[in-house]
Amino acid sequence: MTDKTAKLVIEGRDPIELPIYSGTLGQDVVDVRSLTAHGLFTYDPGFVSTASCESEITYIDGDKGVLLHRGYPIDQLAENADYLDVCYLLLYGELPDNTQKGEFKNIIMHHTMVHEQMHEFFQGFRRDSHPMAIMVGVVGALSAFYHDSLDISNDHHREVAAHRLISKMPTLAAMTYKYSMGQPFMYPRNDLSYGGNFLHMMFSTPAEEYTVNPVLARAMDKIFTLHADHEQNASTSTVRLAGSSGANPFACIAAGIAALWGPAHGGANEAVLNMLEEIGDEANIEEYIKRAKDKDDPFRLMGFGHRVYKNYDPRAKVMKATCDEVLGELGINNDPLLKIAMRLEKIALEDPYFVEKKLYPNVDFYSGIIFKALGIPNDMFTVLFAVGRTPGWIAHWKEMISGSYRIGRPRQLYKGHTQRDFPKS
Ligand code: SDX
């Protein structure tokens, strides 16, 4: 409950008292739900000042560049935990002990195959389809196969759906890549780590032995961790909104994948690489910085800026260190794109336009350089973001569904025609 209130005073009306609630961290919120009874709506396009729900999963302090998952800082999780630890933490609220970890890993690594008939789905797509177009389709289609985990009112169904999604997303992602290459799908290997199995499904072929590089597998695992959750971002809010209608979990995650695809959101990692390749040479950076500042030019510095972070994105720091690890392991010492990215970052962080608008590199700025070094094509980058974000989407969906919730149904400020009659002929 609360002992704090806000008073809304509107000329000609009685003052309206609105309760104020405090969380364990972060901004207080003003409960505006009673405004409808007074014939009023709030107005907040883009939800800049709107708290859509209560949550205990992730906390972001944008001014300080802090990201906590169930209270643990992202850099400590990236350093000390593996991705399945973080999945468990997001889903159940605590890090697993050794027994819990063993059981969870066993469950996840034994749901990794998809129904054999799903292989036929891919045949309907053009080989040059964008991988995200395929992922939206095949992830939603999981609800056409797994009828024993669709009942959202059934706790066991919710649990199995969560496990299946975390397990099968890497398999479907790798199948999407193999299909584009005209190579055979590679079945998962349950003896490998989560990250190692993903690299195996992506890069091994029936023609020769493939040995997973443990440094690259650990880097892949860390990258998934850096993408695991991020509070009420656009795709997570989409998953919550879809879930509020009672849609099944596979459909909700497919909706989240669709929202993530946009270049303003998860599609930015692909856009960053395309931008760096378009810049092509450090000599061209100044021209692109100029374009990014030009209001009449739609060009933006992709991988820069964030709705919440007005300081360095803590994930970008870990991503940059991981980038150095991967390039070092692969013996790529003078990656031209990395040199352009680092120079671009240096110039932007010293430029008054970016300083005043508090535009810093975000999670997408360095990830693409790592993915490219691993041999992953640009149009697969957002698919990997979706794989990493799956436990976050599910954790928020479960948090909402297992509590009391109502269907999300915003209103509007109507600026259209007043009522008029159909013209008489
Ligand atoms: C992700 O929400 C999340 O948590 C998302 C995410 C997650 O983990 O889920 O963190 C993942 O989506 C990261 C963001 C990836 N997107 C990009 O890198 C695309 C480039 N960035 C922008 O398009 C933009 O910064 C956003 C979309 C990220 C944020 O947009 P906002 O909060 O709506 O800010 P805005 O567009 O209103 O920009 C504020 C000002 C504007 O100038 P003015 O109109 O005030 O003069 O800053 C400028 C913008 O023009 N600006 C940029 C810029 N980003 C903002 N100018 C140049 N280059 C940029 N990248």
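Me: Buried means under 20% relative accessible area, exposed means over 50%, and partly exposed lies in between (1.4 Å probe, protein chains only). This is a predicted model, where local features need pLDDT of at least 70, side-chain atom pairs count only at pLDDT 80 or more, and totals for chains, interfaces and linings use all residues. Residues are numbered from 1 along each chain as its sequence is written, and side-chain values use heavy atoms, with hydrogens and water left out. How many of the 11 residues of helix H5 (residues 131-141) are buried?

Reply: Helices (H or I, at least four residues) and strands (E, at least two) are DSSP runs, numbered from the N terminus. In H5, the buried residues are Pro131, Met132, Ile134, Met135, Val138, Val139, Gly140 and Ala141. H5 is therefore largely enclosed by the rest of the structure, and its number of buried residues is 8.

Me: Which helices do the buried residues of H5 pack against?

Reply: Contact means heavy atoms within 4.5 Å. By that test, the partners of the buried H5 residues are helix H4 (118-123), H6, helix H10 (249-260) and helix H17 (381-401).

Me: H17 holds threonine 382. Which residues does threonine 382 touch, not counting those up to four places away in sequence?

Reply: Threonine 382 has a relative accessible area of 0%, so it is buried. Its C-alpha atom is separated by 7.9 Å from that of alanine 268, 114 residues apart along the chain. Threonine 382 touches Met132, Leu260, Trp261, Gly266, Gly267, Asn269 and Glu270.

Me: Which residues is leucine 327 in contact with, leaving aside neighbours within four places in sequence?

Reply: Leucine 327 sits in helix H13 (residues 314-329). Its relative accessibility is 3%, so it counts as buried. Leucine 216 is 111 residues away in sequence, yet 9.8 Å away C-alpha to C-alpha. The contacts of leucine 327 are Ile332, Asp335, Leu338, Ile369 and Ala373.

Me: Is H14 roughly parallel or antiparallel to H16?

Reply: Axes are lines fitted to C-alpha atoms, for helices over the stretch in contact, and angles run from 0 to 180 degrees between N-to-C directions. Under 35 degrees counts as roughly parallel, over 145 as roughly antiparallel, 65 to 115 as roughly perpendicular and the rest as oblique. The axes of helix H14 (residues 336-350) and helix H16 (residues 364-373) come within 10 Å and cross at roughly 170 degrees. H14 is therefore, relative to H16, roughly antiparallel.

Me: By class, which residues make up the contact of H14 with H16?

Reply: H14 contributes Leu337, Leu338, Ala341, Met342, Leu344 and Glu345, and H16 contributes Phe365, Tyr366, Ile369 and Lys372. Ala, Val, Leu, Ile, Met, Phe, Trp, Tyr, Cys and Pro count as nonpolar, Asp, Glu, Lys and Arg as charged, and the others, Gly among them, as polar. The contact of H14 with H16 has no polar residues, 2 charged and 8 nonpolar.

Me: Which residue lies over the face of tyrosine 366?

Reply: A charge sits over a ring if NZ of Lys or CZ of Arg is within 6 Å of the ring centre and within 35 degrees of the ring normal. Ring pairs also link Tyr366 into a cluster with Phe304, Tyr353, Phe354 and Phe365. At 5.7 Å from the ring centre of tyrosine 366 lies lysine 320.

Me: How many aromatic pairs does the structure hold?

Reply: Rings of Phe, Tyr and Trp (its six-membered ring) pair if their centres lie within 6.5 Å; planes under 30 degrees apart count as stacked, over 60 as edge-to-face and the rest as tilted. The number of aromatic pairs is 19.

Me: How many residues apart in sequence are the parts tied together by tyrosine 177 and phenylalanine 203?

Reply: Their ring centres are 6.0 Å apart and the planes lie at 70 degrees, so the pair is edge-to-face. Tyrosine 177 is buried at 6%, whereas phenylalanine 203 is partly exposed at 22%. The pair joins helix H6 (residues 155-181) to helix H7 (residues 194-203), so the separation in sequence is 26 residues.

Me: Which helices hold tyrosine 194 and phenylalanine 224?

Reply: These rings form an edge-to-face pair, 5.9 Å centre to centre with 85 degrees between the planes. Tyrosine 194 is buried at 5%, and phenylalanine 224 is buried at 0%. The pair ties together parts 30 residues apart in sequence, in H7 and helix H8 (residues 214-226).

Me: Where is arginine 70 found?

Reply: Arginine 70 has a positive phi of about 50 degrees although it is not a glycine. Its relative accessible area is 22%, so it is partly exposed. Its place is the loop between strand S5 (66-69) and strand S6 (72-73).
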